[in-house]
Amino acid sequence: MLTAEHIFINTGAISNIPPLKGDLTSNKVYTSTSLMDRKKLPQHLAIIGGGYIGMEFASMYRTFGAEVTVITPEEELLPREDREIAAEVQKIMTEKGVRFIFGARAQEIKEVNEDEVSLSLSNGETVNANAVLLATGRKPNIEHLGLENTSIELTEDGAIKVNEHLETTVRNVWALGDVKGGMQFTYISLDDYRIVENYLFGDLGYSLDSRKNIPYTMFIDPPLSRVGLTAKEAEEKGYEFAEGKMLVASHPRAHVINDLRGLFKVFIDKKTKKILGASLFGPESPELINLVKLAMDLDAPYTLLRDQIYNHPVMSESFNTLFNVPIKRTV
Ligand SMILES: Cc1cc2nc3c(=O)[nH]c(=O)nc-3n(C[C@H](O)[C@H](O)[C@H](O)COP(=O)(O)OP(=O)(O)OC[C@H]3O[C@@H](n4cnc5c(N)ncnc54)[C@H](O)[C@@H]3O)c2cc1C
């Protein structure tokens, strides 16, 4: 038994295992963690789930040369992303050879032989594969912590409930990272540390409430990076906005690196001239998105990025064009 003045729970998340019938313990059924330990490339990988992890593995294993099928209950790809961008992702992934089965749930897994399993889907289809990846989300890892013996409360989603300083419902016990729910990223776990450090040793000036825009990237090929709102979200929130859009192929850097794939979009509040969001699908977008995040955090007008002198030929130079949106000049 350990006792301490302060306790920090930072146990991460674990894969959700969907309630499938059949042989879930088959050595051909994997999570994102166990698939990486497999030494042999499966000839055909079936991925249950079309979320970010499913898509990253689909892109990676297709690049390695495996046949890849993604099975998703959604009727469309990446429902939380901009529709035009999601359509472009689907087009490029399909051209790459990834097969998508929409509107279907995997229901049962059966061993066919030593090297093959079959998946029965809710739409009546059967998919045979040499490996199956369960990419059906991740949940806070509270197993074996014995929280039921404490007054530490959980949220409805099974995460540890915290206040804006990440303190749990028990004083001097904190929860950080994936285990406290919300966005699951390495840099969120790191930033959670900043919040706790600020609370314990700082000026109380930084908390969950003061955290600003959080960018993220889905590392498919090419990558999709996003910060802030999509057009649909901006519409729902009642913004009157203008849209900037450019094909990656129209930018010189794309020709230098010989990768013309992708589409960049940004959304600008017409009233305040501030950037509402960016969806950048294309090469080098994981770096670019941080620049947009910085401008958004600084509450800068979109013209800051539009009118920068960028060096050449680099991808950020595309902002001269991308942010050249049709908004009336007030000066
Ligand atoms: C396939 C995949 C791809 C990802 N890609 C990205 C990406 O590109 N970028 C990104 O930012 N994030 C990515 N993530 C998410 C990222 O890995 C997590 O958000 C991040 O690791 C969470 O950090 P954490 O500190 O909460 O926990 P973790 O990094 O998961 O660390 C938790 C630690 O706690 C230990 N632990 C668990 N239970 C106990 C216990 N009872 N006692 C003691 N120790 C325990 C674990 O062994 C582990 O070492 C990805 C995740 C997955 C699964």
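Student: What makes β17 and β18 a pair?
Tutor: Two strands pair if DSSP finds at least two bridges between them; β17 (residues 263-269) and β18 are joined by 6 bridges in the antiparallel sense, so by the criterion of at least two bridges they are paired. Strands themselves are DSSP runs of E with at least two residues, and helices are runs of H or I with at least four, numbered from the N terminus. This is a predicted model, in which local features need pLDDT of at least 70 and side-chain atom pairs count only at pLDDT 80 or more, while totals for chains, interfaces and linings use all residues. Residues are numbered from 1 along each chain as its sequence is written, and side-chain values use heavy atoms, with hydrogens and water left out.

Student: Which residue takes a positive phi in the hairpin of β17 and β18?
Tutor: Lys273 does, with phi near 70°, in a hairpin that has 5 residues between the strands.

Student: How do you know that β15 pairs with β18?
Tutor: DSSP bridges again decide: β15 (residues 224-228) and β18 share 5 of them in the antiparallel sense. Val227 of this pairing faces Ala278 in β18.

Student: Why is β18 called largely enclosed?
Tutor: Buried means under 20% relative accessible area, exposed over 50%, and partly exposed in between, with a 1.4 Å probe and protein chains only. In β18 (residues 275-281), 7 of the 7 residues are buried, so the strand is largely enclosed by the rest of the structure.

Student: What makes the span of α7 close to the expected one?
Tutor: The expected span is 1.5 Å times one less than the number of residues. Helix α7 (residues 285-297) has 13 residues and reaches 18 Å from its first C-alpha to its last, close to the expected 18 Å. Its buried residues include Leu288, Ile289 and Val292. Contact means heavy atoms within 4.5 Å, and the buried residues of α7 pack against β14, β15, β17, β18, α8 and α9.

Student: Why are β4 and β7 said to stand at the edges?
Tutor: The open parallel sheet has 5 strands in the order β4-β11-β5-β6-β7. β4 (29-30) and β7 (99-102) each have a single partner strand, so one side of each is left without a neighbour in the sheet.
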